[in-house]
Amino acid sequence: MATVAPPEGKQDQTLIEFDVRTDEMLVNMGPQHPSTHGVLRLVLRTDGEVISEVTPHLGYLHRCAEKIGENVTPIQFIPYTDRMDYLAGMNMNLAYSLAVEKLCGMKLPEKANVIRVLIAELNRIASHLVGMGAYGLDLGTFSPFLYAFREREMILDLFEEVCGARLTYSYITIGGAHDDLPSGWVERCREFLNYLKPRIPEYHALLTTNHIFVQRTANIGVLSREAAIAHGCTGPMLRGSLDRRLGDPDWDLRKIEPYCGYETYDFNAVVPPFDDRWGWNPPRDSVIGDAWHRFMVRMLEVIESIRLCEQALDRYPNAQGSHRIEMPRHLTAGETYVETECPRGQMGFYVVGAPGKGVVPLRVRARSSSFCNLCVTNEISSGCLIADVPAIVGSIDIVMGEIDR
Amino acid sequence: MTAADITALLEQQFGSRIASKNLEAIDPFVVVAAADLPDVCRFLRDDSRLQFDLLNCISGVDYLEPDPKKAPKAGFDPHLEVVYHLSSFRHRHRFVVKVMLPRWKDDKPGELPEVPSVTSLWAAANWHEREVYDLSGVWFIGHPELTRILLADDWVGHPLRKDYEYPLEYHGIRGR
């Protein structure tokens, strides 16, 4: 009987059996898929309903913002930062402004800092509201989205009064803020915060305590603390995986590396467990690091942001100085890397000033928080069901404009 | 730990393998040769006094003045830098490590300069290195899958090089 020699390295017949994975299938998800939050394409390697590998493909929204940054002056680049994380334009303006200010050694007056804190925290609320509403959409409930947009609309109205734009603000700029707050705005903002506060229990009634929501998010996409740190995850993604009982720090840049005078405000970084500071107990099946905890970190950050806004509103009438100082005509030679706490994590800008008297930087590098948060997808999705992928990707709360830049 | 302490510790450990340092910069940094990078990074990550467990960012910076008239006054020689921004979760300090590279390997245009990958030390390096390869044109030796990440797989060139030429046409789409 003639025998065929097995291929090299495959002498054991059982090995061949295992090597042929007959049930595997590649499923393409996106780039036009409602639960990929923009133009993210995921290629899922599945074994039946179970996912064995997720490969994200990026770049559909790439505009080479970093190259543009090398060709325009810092003030001209501010509008491009709006278009990175378009749900939190103010925070992106702030991140880039702080980097350039640090490079030029500018020191801002108190009033500019108070306005910045106030506006950045309002934008954080708006961003987290969208995050919450869109997460509900991912999981198949439409109502929270409408509630979230009702409140966000009011924030956008407030922003429109301040700077005339509703999405791409370019309001916070190098040297402070573009304009002072209009008259009567402080009262209207306070009115809005008083309106918002009793609405938050509504969200929890609709979503957080909803049995279906808990079933879809508790113990899903569990990200360990070690994996989060190794993959460079930041923001709510990292904080959702920390545990204060194990001695983890309040890892929030506003706390550990304060900028804009955050150290003088009274607020808490949101790190699990939630029972002592916020009176929330996780659902029975939930473990630290799962999608429910990431979602909850965002919801509680809204409460902390309201507190910050109120303190900033109290300070504004007595704040000293101007809302804006002039930027030096030329950039300083040298380089600096500044990270700020944006709604989606630590947004860093690395600005290299050209030697000599340059007005345009030699290099602008944007370290995107969503970019680093997304790279952990494969790690936390392996072994899940296909239906859990929207729940996991939604809990990362990505904005493709920021990832692709 | 302050940057001066970190630098002193590195010099004590590696001696002359730390090619240069700059403690006066806004963000102090050390420069190491490409071949020494994995050892230095491993020490930075694993030493109990340093514990740089967060890799924040990897950036490629192209130092080139494309205009030949301005080049003599540019204030730098043409070269490429790969900059690693690190921070520590436990000690809450930050540090910067730089690698200086020629713009092209062996000065042959088109041959990418090479740096050892640090993916085995920080998982975060995986996508960052792909991005630096994609946009700045640096080849990371030992990277598990060094492919373009933001641009299309069939894209030609590395746009963040200062002498990059914008394509006139891409799959029938007009450029410029």
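**Group meeting: two chains and their contact**

Okay, let's start with one pair of residues: in β4 of chain B, L55(B) has L86(B) as its bridge partner. Strands and helices here are DSSP runs, at least two residues of E for a strand and at least four of H or I for a helix, numbered from the N terminus. That pair belongs to β3(B) and β4(B), which run antiparallel and are joined by nine bridges; two strands count as paired if DSSP finds at least two bridges between them.

Before I go on, this is a predicted model, so local features need pLDDT of at least 70 and side-chain atom pairs pLDDT 80 or more, while totals for chains, interfaces and linings use all residues. Residues are numbered from 1 along each chain as its sequence is written, and chains are lettered from A, with ligands numbered from 1, in the order in which they are written.

Back to chain B. Its open sheet has five strands in the order β1-β2-β5-β4-β3, with mixed pairing. β1 (18–22) and β3 (54–63) of chain B are the edge strands, each pairing on one side only.

Now the helices. α3 of chain B, residues 125–136, lies across β3 and β4 of chain B at about 10° to β3(B); axes are lines fitted to C-alpha atoms, for helices over the stretch in contact, with angles from 0 to 180 degrees between N-to-C directions. In α2 of chain B, residues 37–46, L37(B), V40(B), C41(B) and L44(B) are buried. Buried means 20 or more other C-beta atoms within 10 Å of a residue's own, exposed means 12 or fewer, and partly exposed is in between, with C-beta atoms placed from the backbone. Down the axis of α2(B), the buried residues fall within an arc of 95°, so they line one face of the helix; the arc is that of the directions from the helix axis to the C-beta atoms.

Over to chain A. β7(A) and β8(A) pair antiparallel over six bridges, and V351(A) has V364(A) as its bridge partner in β8(A). Seven of the seven residues of β8(A) are buried.

Last one: leaving aside neighbours within four places in sequence, A95(A) is in contact with T340(A), C342(A), M347(A) and F349(A).

Key:
Two residues are in contact if their C-beta atoms, placed from the backbone, lie within 7 Å.
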